Structure formats: structure tokens, C-alpha cells
Amino acid sequence: MPQLVPWEGGLDKTRPSEGGCDSRQGGGGAAHHPGRRQGFRPGSHSSRGCSHPVGSGVPQGRRDRTGGHALSLPACPGWAAACHRFRPCQTMPVEEFVAGWISGALGLVLGHPFDTVKLLGFFKGMSFPIASIAVVNSVLFGVYSNTLLALTATSHQERWAQPPSYTQVFIAGCTGGFVQVYCLAPFDLIKVRLQNQTEPRARPGSPPPRYRGPVHCAASICQEEGPRGLFRGAWALTLRDTPTLGIYFVTYEWLCRQSTPDGQNPSSATVLVAGGFAGITSWAVATPLDVIKSRMQMAGPKHRVYRGVLDCMARSAQQEGLGVFFRGLTINSARAFPVNAVTFLSYEYLLRWWG
Ligand SMILES: C[N+](C)(C)CCCC[C@H](N)C(=O)O
């Protein structure tokens with residue numbers, strides 16, 4: 001295993017060779033990658049004397065996979081080596097997707113105690129949430145990173161040396177948010193439907209639950225409402241996630257850049273805190289639309305309660321006051337910090353590791 005020691009003053013401390021891109025083979029188990037990311041600090045790359053400086057005209061990033069250097073992964077587990085080899089095309093990096101998948105799963109493990117569905121025992125084990133959150137996170141981070149690649153022509157290795165503008169980060173975050181909605185929508189619908197049947201079930205003498213579990217819930221929705229029923233509330237989910245995931249990545253980038261002195265890389269603590277606050281900020285902005293989205297997902301085809309997102313907003317505010325839009329804010333924030341701190345830390349570690 002490559003050593004994933006906590007950074008002391010940044011990821012670069014784990015590098016055997018501080019001076020540049022050369023000679024990194026041997027004991028560490030890492031590949032030799034010219035043009036690899038030099039660390040988390042924007043602007044740190046070119047100052048370290050890399051033999052292929054950014055902007056030198058040598059294509060950066062993907063080149064390192066095929067540049068004729070031995071890929072030495074003696075101590076990597078098989079799946080990590082497979083990940084290195086599995087590259088469907090040079091312009092579509094996949095490790096961001098894989099890192100997003102794993103980091104999403106790790107974040108989920110931490111956030112799991114906050115999940116009422118799990119607490120009340122509806123989900124046996126964690127397979128359903130892991131399958132859903134990890135896939136969704138993989139799509140989010142993969143699309144985000146590849147959109148940045150398209151916008152800036154820099155891969156994640158160079159991104160800290162040539163930092164993208166906040167506008168580019170926002171656009172990439174919104175794009176990732178928009179695309180992940182269509183993976184998230186069915187999982188989220190099932191989760192909301194199951195969560196909302198927990199209360200009646202908890203009372204003594206209550207009727208049996210309508211849905212017996214996630215698979216039964218999906219099958220029943222398909223039967224009763226057709227496959228499109230699985231996407232009920234997807235429009236509200238799009239409104240919730242597209243801008244707020246832009247905000248999510250901008251907050252993360254901004255906090256990382258703010259809290260790291262020039263010439264140094266963000267420490268693991270910085271990444272944890274920036275990730276945690278990115279989660280809280282985006283959930284704070286997303287919570288009003290989260291409330292609306294859940295209400296729309298609960299409405300079935302036979303009893304269409306609301307005419308649309310705006311109608312749902314207006315009627316909820318009229319009937320319950322503006323406070324309704326902040327329902328769940330505390331639990332969302334409490335969950336968001338650890339989940340997103342771990343998600344970003346593991347994501348950055350994995351990309352660094354796969355370099
Ligand atoms: C956009 N919105 C705020 C809804 C989610 C942003 C954070 C996503 C993260 N996977 C989590 O579950 O916290």
C-alpha cells in the first residue's frame with residue numbers, strides 16, 4: 001500500500017522528491033508521472049522546477065500515462081493498478097469517477113447515523129445507500145472534473161498549479177450537479193417515500209408499511225406510476241442541486257485557497273474544514289428547495305397535490321409560514337460537515353495517490 005500518511009503542511013510532504021517531476025520510482029509504490037500535480041497549492045507547480053512546466057507546450061496531465069515511463073505499482077492493490085490501466089480514452093479521465101465513488105461511500109458511512117431510515121431499521125445493511133450515494137457522487141465528481149478539463153484544458157494534476165477561475169469552478173459544479181440529478185432522482189424518491197412511512201409504522205397497531213424495502217418500493221412505483229414515476233420531483237431536484245453544487249465546489253476551492261499561505265499546500269485539516277463547510281453552505285442554500293422537492297416526491301399520480309414547484313412553494317408558505325423552508329436545516333448541516341469533510345479528503349487523497 002502506498003502510505004497515506006496525514007499531511008503535515010500539505011500533500012507534498014509525502015513526496016520523496018520535492019524538487020520536481022523526476023525519479024519517483026521504487027519503494028513508495030507510486031508511478032513516475034511527469035507533469036503530475038505537485039500538490040494542492042495553486043501556483044506551486046511551476047516554481048518547483050518541473051521538467052515539463054505548465055504552459056511549456058508539452059501536453060500536460062494525460063501524457064504521463066503514456067509518456068514511456070515505467071508505471072511502477074509494485075505495492076498497489078490490484079484494483080488500483082487496474083484503475084491505472086482502464087482508460088477508455090485520453091480525454092476522459094476515469095479516476096475522478098472512481099475517486100468520487102469511493103469518497104462518496106466513505107462520506108456516507110460517516111453520515112449514516114443521521115439517516116432516519118437506517119435508524120429505524122428500514123434498510124438492512126448499507127448496500128442501498130452505498131449503491132446510491134456512491135454512484136451519484138462518482139457522477140458528480142467525474143462530471144465536475146471533466147467539465148473543468150474541458151473548460152480549462154488542465155487535468156486535475158495541474159489544477160492547483162493553474163487554478164481555474166471561480167466562474168469555471170461554478171459552471172463545472174453546476175454541470176456536475178445537473179447531470180447527477182438524473183442518477184440521484186430514483187434513489188432519492190425511494191428514500192423519501194420510505195422515510196415518510198416510518199412514522200405511521202412506529203405507532204402501535206398501525207397498518208403494515210406500504211413499501212417493504214427499496215426494491216419493493218421501486219417496483220411498486222413502476223407498477224403504479226410507470227417508470228417515469230421514478231423521476232417524480234426530478235425538476236425540483238434539478239433546481240435544488242444545480243446551483244447549490246456550483247456553490248459547493250466554489251466554497252471548497254475558496255476556503256482551500258484562503259487558508260493556505262502562498263507556496264504551501266493545504267493541510268489535511270484545511271481540506272477537511274473546507275470540505276465540511278462546503279457541505280454546510282450548499283445544504284444551507286439547498287434546504288428550502290429540499291423541502292419542496294420532498295413534498296413533490298410524496299405526491300402520487302392519483303392525488304396530485306401541487307400544480308408545480310411554484311405552487312408547492314406558495315401553498316407551503318401560506319399554510320405553514322416561511323419557517324417551513326428551513327425544516328431540516330440543523331440535521332442537514334450536522335450531517336453535511338463530517339460527510340463532506342471525509343468526501344473531499346478521501347477524494348483528494350485518492351487522486352493524489354493515483355496521480
Ligand atoms: C446540493 N446538496 C446540498 C443537496 C448536496 C451537496 C453535498 C452532497 C453530498 N454528497 C452530501 O450528501 O452532503
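Reader: Which atom of the ligand is 2.9 Å from an N or O atom in the side chain of W283?

Author: An oxygen atom of the ligand sits at that 2.9 Å distance from a side-chain N or O of W283. Bear in mind that this is a predicted model.

Reader: Noted. What about R335, how far is its polar side-chain atom from a ligand oxygen?

Author: The distance is 2.9 Å, from a polar atom in the R335 side chain to an oxygen atom of the ligand.

Reader: And N340?

Author: An N or O atom in the N340 side chain is 3.0 Å from a ligand oxygen.

Reader: How much of the ligand's accessible area does the protein cover?

Author: On its own the ligand has 370 Å² of accessible area, and the protein covers 91% of that.

Reader: Which elements give two or more residues to the shell?

Author: Helix 9 (234-258), helix 10 (268-298) and helix 12 (329-354) do. Helix 9 provides the largest share, five residues.

Reader: Which residues surround the ligand, then?

Author: N137, R240, D241, T244, L245, Y248, S282, W283, A286, R335 and N340. By class, the shell has four nonpolar, four polar and three charged residues.

Reader: Change of topic. At what angle do helix 6 and helix 10 pack?

Author: The angle is about 80 degrees, and the two axes are 9 Å apart. Angles of 65 to 115 degrees count as roughly perpendicular, so helix 6 and helix 10 are roughly perpendicular to each other.

Reader: Which residues make that contact?

Author: Helix 6 contributes A185, D188, L189, V192 and R193, while helix 10 contributes K293, S294, Q297 and M298. Four residues of this contact are nonpolar, two are polar and three are charged.

Reader: And helix 6 with helix 8, at what angle do their axes cross?

Author: Roughly 105 degrees, with the axes of helix 6 (residues 166-195) and helix 8 (residues 214-225) coming within 10 Å. Helix 6 and helix 8 are therefore also described as roughly perpendicular.

Reader: Who touches whom there?

Author: From helix 6, L189, I190, R193 and L194; from helix 8, P214, C217, A218, I221 and E225.

How values were computed. Residues numbered from 1 in each chain as written. Predicted model: local features only at pLDDT ≥ 70, side-chain atom pairs only at ≥ 80, totals over all residues. Heavy atoms only, no water. Axes fitted to C-alpha atoms, helices over the stretch in contact; angles between N-to-C directions. Helix = DSSP H or I, 4+ residues; strand = E, 2+ residues; numbered from the N terminus. Parallel < 35°, antiparallel > 145°, perpendicular 65-115°, else oblique. Contact = heavy atoms within 4.5 Å. Near = heavy atom within 4 Å. Polar contact = N/O pair within 3.5 Å; in protein donor to acceptor, adjacent residues only side chain to side chain. Areas by Shrake-Rupley, 256 points an atom, 1.4 Å probe, with all protein chains shown as cover. Nonpolar A, V, L, I, M, F, W, Y, C, P; charged D, E, K, R; others polar.
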